[in-house]
Structures are given as structure tokens and as C-alpha cells.
Amino acid sequence: MMNTLSLLAALIRTVSNWWAYPLYRLRLTRGEFVQYKLRSGQTMVLRSGTSDFLVFNDIFLDHVYDAPEIPWKTLQSVIDVGAHVGVF
């Protein structure tokens, strides 16, 4: 788990609309979904009130699943055999 300053730095580095994250966490937004635009060009749509945010944190902010030994840019296919919503 990251401390607040590390989390903010990771958000600013990773998410273009990083300000939406604290608004959601402080319950200042409403809606069934929250959308984050990643600086990589991806758009992530997370379901409010679910574990999607924990998975988002693990993958994009904490980099829990990073595998630097895998040449990701040279791969043509990825098979996701996880048990969540297919966030990769």
C-alpha cells in the first residue's frame, strides 16, 4: 500500500485526469462508473462500489504484476486467464 504522496505522484504520472481519483475516493462524485484516461492512451472504466479500484491500484499504481523480463511490446497476443474483468 502506498502512502498518500506516493499515490498522488503515481496518479499524476499514470492518469491524465488524475483529479477524478480523489473525487471518487472522497465520495464527491456520483454515477455507476468512473472513467480514467491513462497517459498511455488507454481508457479505464471502473464500476463504482466494486473491487475494480483495488485492481486498478494493484496494476497501474502499485505495479504488483509487472514482469520486466517479458518483452511486452514484441508480443502479438496475450491470454488473460484471471478471474476478474480482464484488465491488462
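Against which elements do the buried residues of H3 pack? The buried residues of this helix pack against H1, H2, S1 and S2, where contact means heavy atoms within 4.5 Å. Buried denotes under 20% relative accessible area, exposed over 50%, and partly exposed the range in between, with a 1.4 Å probe and protein chains only.

The structure is a predicted model, in which local features need pLDDT of at least 70 and side-chain atom pairs count only at pLDDT 80 or more, while totals for chains, interfaces and linings use all residues. Residues are numbered from 1 along each chain as its sequence is written, and side-chain values use heavy atoms, with hydrogens and water left out.

The protein contains 3 helices and 2 strands, arranged from the N terminus as α-α-β-β-α. Helices (H or I, at least four residues) and strands (E, at least two) are DSSP runs, numbered from the N terminus. Of the 88 residues, 25% count as buried. The protein exposes about 6,700 Å², of which carbon and sulfur atoms supply 58%; accessible areas come from the Shrake-Rupley method with a 1.4 Å probe, and for residues only the protein chains shown count as cover. Among contacts between residues at least 6 apart in sequence, 31% join residues at least 24 apart.

H3 is mostly covered, with 8 of its 10 residues buried. These are Asp 52, Phe 53, Val 55, Phe 56, Asn 57, Ile 59, Phe 60 and Leu 61. After H3 comes His 63, which has a positive phi near 55 degrees.

In soluble globular proteins, nonpolar side chains tend to be buried together. A nonpolar core is defined here as a set of buried Ala, Val, Leu, Ile, Met, Phe, Trp, Tyr and Cys residues joined through side-chain atoms within 4.5 Å. The largest such core has 17 residues, among which Tyr 36 and Phe 56 touch the most other members. At least two core residues are supplied by each of H1 (4-14), H2 (20-25), S1 (33-37), S2 (43-47) and H3 (52-61). H3 gives the largest share, 6 residues. Apart from neighbours within four places in sequence, Phe 56 is in contact with Val 15, Tyr 21, Tyr 36, Leu 38, Met 44, Leu 46 and Leu 61.

Thr 14 lies in helix H1 and counts as buried because its relative accessibility is 16%. Its side chain reaches the backbone oxygen of Ala 10 at 2.8 Å. A polar contact is a pair of N or O atoms within 3.5 Å; within protein, one must be able to donate a hydrogen and the other to accept it, and residues adjacent in sequence count only if both atoms are side-chain atoms. With residues up to four places away in sequence not counted, Thr 14 touches Lys 37, Leu 38, Arg 39, Phe 60 and Leu 61. Asn 17 is placed in the loop between H1 and H2 and, at 12% relative accessibility, is also buried. A polar atom of the Asn 17 side chain lies 2.8 Å from the backbone nitrogen of Lys 37.

On the surface, Trp 19, Leu 23, Leu 26 and Leu 28 form a nonpolar patch with about 440 Å² of accessible area together. Patches are made of residues with over 30% relative accessible area and no salt bridge, with like charges joined within 9 Å and nonpolar side chains (Val, Leu, Ile, Met, Phe, Trp, Tyr) within 5 Å. A salt bridge is a side-chain nitrogen of Lys or Arg within 4 Å of a carboxyl oxygen of Asp or Glu. Leu 23 is found in H2 and counts as partly exposed, at 31% relative accessibility.
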